[in-house]
Amino acid sequence: MNKLNADNFPELICKRPEKIIQFGEGNFIRAFMDWIIQQLNNQNKFNGSVVAIQPTPHGKVVGKLNTQNGLFTTILRGIQDGQTVNTKEIISSISRGINPYTNWQDVLKCAENPEIEIVFSNTTEAGLTYNNQDTATMAPPLSFPAKLTLFLYHRYQYFHGDATKGMYIIPCELLENNGQLLKSIILKYCKQWQLPSDFITWLNAHNKFYNTLVDRVVSGYPKDEIETLTQELGYDDILIACGEPFHFLAIEGDTSLNEKLPLLNSGLNVVIENDISQYRQRKVRLLNGGHTANVPASFLAGLNTVAEMMNDQITGKFAQQTINNHILPSVSMDKEMLIDFANAVIERFQNPFIKHQLASILLNCTSKFKARVLPSILEYHDKFHTFSQNLSFSFAAYITLYNTSKINGNHFYIEHNGTTCELTDDEYAIQKLTSAWKYYAKTQESATVVVNKILGDTNLWGINLTTYPELINDVSKYLYAIDTQNIKQIMQSLLLNEE
């Protein structure tokens, strides 16, 4: 079997000029941003390549990338517009990888290239942080923002502060206002390291930091299917990245970026707008909230994956009903845009190729429920002067997860299909929820006591939810029902109420 490299695929090797430096080389950024660059190159709109920088000292991807001369395969599978999609494409947009811990000077050399004007990053949320141990004399410092500070300072020095040599910086970490956060950390390093004020002026005036929102599920290397997929491909690829066909990129800023990186009018699902908060709200409420609202009950019903949840006759219909009839109406945005996105969300949940474990979605569930579902509960009430029964049931199902005495710090343990499942959450949340269950005596009245204690905790929710007696009544009713009835039958009754 041929290996994916220059010897066997010489016609695919990237010969385009290097225009992007990318901090991060993991599955997501390769199957998202590098895939996007591939599409632009395919259309002859960009004619550029990416230099991928290893973000951590012990990474191994750069070595593999260079072994394959920057080539790797994306396999995008799922349901889109009602049709099953299964595409395989060799991506050749990466020219090379650099390990900065052994070749820091090669990274700085990229700062001297006038054609490299764009920065991508995906170093995980933990990578977009300030490390006070980093210094200006380290080669390199550990954190990504510190590396980028020295990269930009080297560029400033090399080009003698040329105003035309600023960078377009596009972080893809899943943090709100990620561009401004990155800039603030860099300015903090400038102050800590006492870098020249003229450099700081150049940094502020001639470099653009963009807030972004990225959206694509990338499951990564398909180790469980690798033998079958290798036979289908006809070559060995140690860097296959599997994901879903859906993709969405929102960039906050003016469209002058499009002159350097022609993302618009490319057929890609990309927007560049002055305010992308509506797209973030749409994703948090419908996609993330769709998960968080529906997964606890499906998990309690004995299911294991999102695909199982969606294929089940009851939990699947309930999930769709909750998204379309209860979450979507609560969001104050253009309804046509919401409906299109909700339809895409449901198709993404139904993806048979991605085994998204329900247990992984339940990790840190309290903060997720507060950010993703509680706003829909309250805004639905504001609009319709009643509480959504589906979301009240979801609230009760979430609380039921914590009906256990088996806890250890930020871990708690519940029975699932005959085995013990370990979940994590904020330690305070676990203590509060599990201790509230001590008041439960298998009566409706005691269920109300449990719910009052949990919903009245302002540390959990930011507000005292007991000021909504109707919500207390509804959640308590479903909490008791979940304990005393078959959970799917409760969901079935809620489905029938809307038919």
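Tutor: In helix H11, the buried residues (under 20% relative accessible area, with over 50% exposed and partly exposed in between, using a 1.4 Å probe and protein chains only) are Thr315, Gly316, Phe318, Ala319, Gln321, Thr322, Ile323, His326 and Ile327. This is a predicted model, in which local features need pLDDT of at least 70 and side-chain atom pairs count only at pLDDT 80 or more, while totals for chains, interfaces and linings use all residues. Residues are numbered from 1 along each chain as its sequence is written, and side-chain values use heavy atoms, with hydrogens and water left out.

Helix H11 spans residues 315-327 and bends by about 25° at Gln321, the bend being the angle between axes fitted to the seven residues ending at a residue and the seven starting there; helices themselves are DSSP runs (H or I, at least four residues), numbered from the N terminus. The buried residues of H11 pack against helices H9 (277-300), H10 (306-311), H12 (335-349), H15 (374-384), H16 (389-400) and H21 (487-497), where contact means heavy atoms within 4.5 Å.

Within H15 lies Ser376, which is buried with a relative accessible area of 0%. Leaving aside residues up to four places away in sequence, Ser376 touches Arg285, Ile327, Ser330 and Leu391, and Ile327 is itself among the buried residues of H11. The side chains of Ser376 and Ser330 are also joined by a polar contact of 3.5 Å, meaning a pair of N or O atoms within 3.5 Å, of which, within protein, one must be able to donate a hydrogen and the other to accept it, with residues adjacent in sequence counting only if both atoms are side-chain atoms.

Key:
Helix = DSSP H or I, 4+ residues; strand = E, 2+ residues; numbered from the N terminus.
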